[in-house]
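Subject: A structure for you to explore

Hello,

Here is the structure I promised to pass on. Have a look at it first, and then read my notes below.

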Amino acid sequence: MATTGSENNKAPGSTGGANGMNVRDAIRQPLWLLAELTYSCPLQCPYCSNPMDFAAVKSELTTEQWLSVFRQAREMGATQLGLSGGEPLARPDLIELIREARKMGFYINLITSGVGLNADKVAEFKEAGLDHIQVSFQASSEDLNNLIAGTDAFQHKIEMARAVKANGYPMVLCFVTHRQNIDQIDEILDLAINLEADYVELATTQYYGWAMHNRDQLLPLKEQLERAEAIAHRYQDEQKGNMKIYYVVPDYYEDRPKACMNGWGNVFLTVAPDGTALPCHAARELPGMQLPNVRDLSIREIWEGSNDFNRFRGFDWMQEPCRSCDERFKDFGGCRCQAYMLTGDPAKTDPVCSKSPDHHLILEAIERGRMEAAKPAEKAKPLVFRNPKNSKEICGL
């Protein structure tokens, strides 16, 4: 359990952050609370953002404990609430959580696969005060969508997307893109148009957990990305004023890292199903994390005082070349989890950056992915899926 309120609790660099200011004096309020309500999920996606050992989490927060988390975060200034999972629809108290969060004044986003949803529930959620439903798809074709998801969900997703639109919500669709589906980018956007989507997120796979385990099979080829980017930009121009399309080039093909989570412990607060509080959903993978829990500490104690949240705030923790780079004010050194998974040191420059002495690791990963893609289906490495009840491995998608 993390401690608070003592000099021994300061993370590296907490005595002198930006412009020589004490990091604690510069801590912003959390604006976004991501509540991972459960790790239960009917899908088996091989890029799932849940930890690979999610099955070890046996105890979820109760309704009252979640409401306490919401209340504390709101009192600190959080305005956006994301209800996520796993599949948040697996929580029987979801309608109560939505209703009470609305009373607290949150803007509430439900992030769902649509499995377990029906038209009546969509209407109930609207009445309870839910502002936004994001429905995820695995592909634009029924066969590939259902293969990746591990369940015959495609037609149901279509119906639920239409129910969301019919109930007056903005139509928000999310497609996680990777090597197996990125060649469908035009079909994906045609589907979005057919469903009268208002917003479409072409969400590039982020390589943590399950996705990192499957990276060789999921990382797109450069030529795939170039084609997809050109198509996405064309649709953006054609749909201007009708549908907003968000497309971001994957980190591995950039020269500079993105500002992960808008800075460590700066905007986003994630609470896992068991009450573990994290600066980002993948942070539990880092060595030296104390993993404060909302059952033991208040949200304020965690946000302002825990070692975990202060660990990479400010700039004094940075190594070279980040420490003297002007880009550090834009990208904060990149992703700490990515730095750790690739180099073994979470304080290193994100290897995505071309200035990083470890940038060769990115180039090597791209080449491994290319070699894997060139193999005949019978020799390809199988994808490993997340669902322990259906943990099959499938080659040659």
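What covers the buried residues of H13? The cover includes helix H7 (209-213), helix H8 (215-218) and helix H14 (360-373). Helices here are DSSP runs of H or I with at least four residues, strands are runs of E with at least two, and both are numbered from the N terminus. Helix H13 itself spans residues 336-343, and its buried residues are Arg336, Cys337, Gln338, Ala339 and Leu342. Buried means under 20% relative accessible area, exposed means over 50%, and partly exposed is in between (1.4 Å probe, protein chains only). Just after H13, Gly344 has a positive phi of about 85 degrees.

Before you go further, please note that this is a predicted model: local features need pLDDT of at least 70, side-chain atom pairs count only at pLDDT 80 or more, and totals for chains, interfaces and linings use all residues. Residues are numbered from 1 along each chain as its sequence is written, and side-chain values use heavy atoms, leaving out hydrogens and water.

Next, helix H1 (residues 63-75). Its 13 residues reach 18 Å from the first C-alpha to the last, close to the 18 Å expected at 1.5 Å a residue (the expected span is 1.5 Å times one less than the number of residues). Thr63, Trp66, Leu67, Val69, Phe70 and Ala73 are the buried residues of H1. Seen down the helix axis, they fall within an arc of 155 degrees, so they line one face of H1; the arc is taken from the directions from the axis to the C-beta atoms. On the other side of H1, Glu64 and Glu75 are exposed. The buried residues of H1 pack against strands S1 (32-36), S2 (80-84) and S8 (268-271), and against helices H2 (94-104) and H10 (299-305).

Now for the cores. A nonpolar core is a set of buried Ala, Val, Leu, Ile, Met, Phe, Trp, Tyr and Cys residues joined through side-chain atoms within 4.5 Å. The largest one has 68 residues, and Phe70, Leu83, Leu173 and Leu202 have the most contacts inside it. Helix H5 (residues 154-166) gives the largest share of this core, six residues. A second, separate core has 23 residues, including Leu144, Tyr207, Leu383 and Phe385.

Finally, Glu142, Asn145 and Asn146 in H4 meet Phe154, Gln155 and Lys157 in H5, where contact means heavy atoms within 4.5 Å.

Happy exploring!
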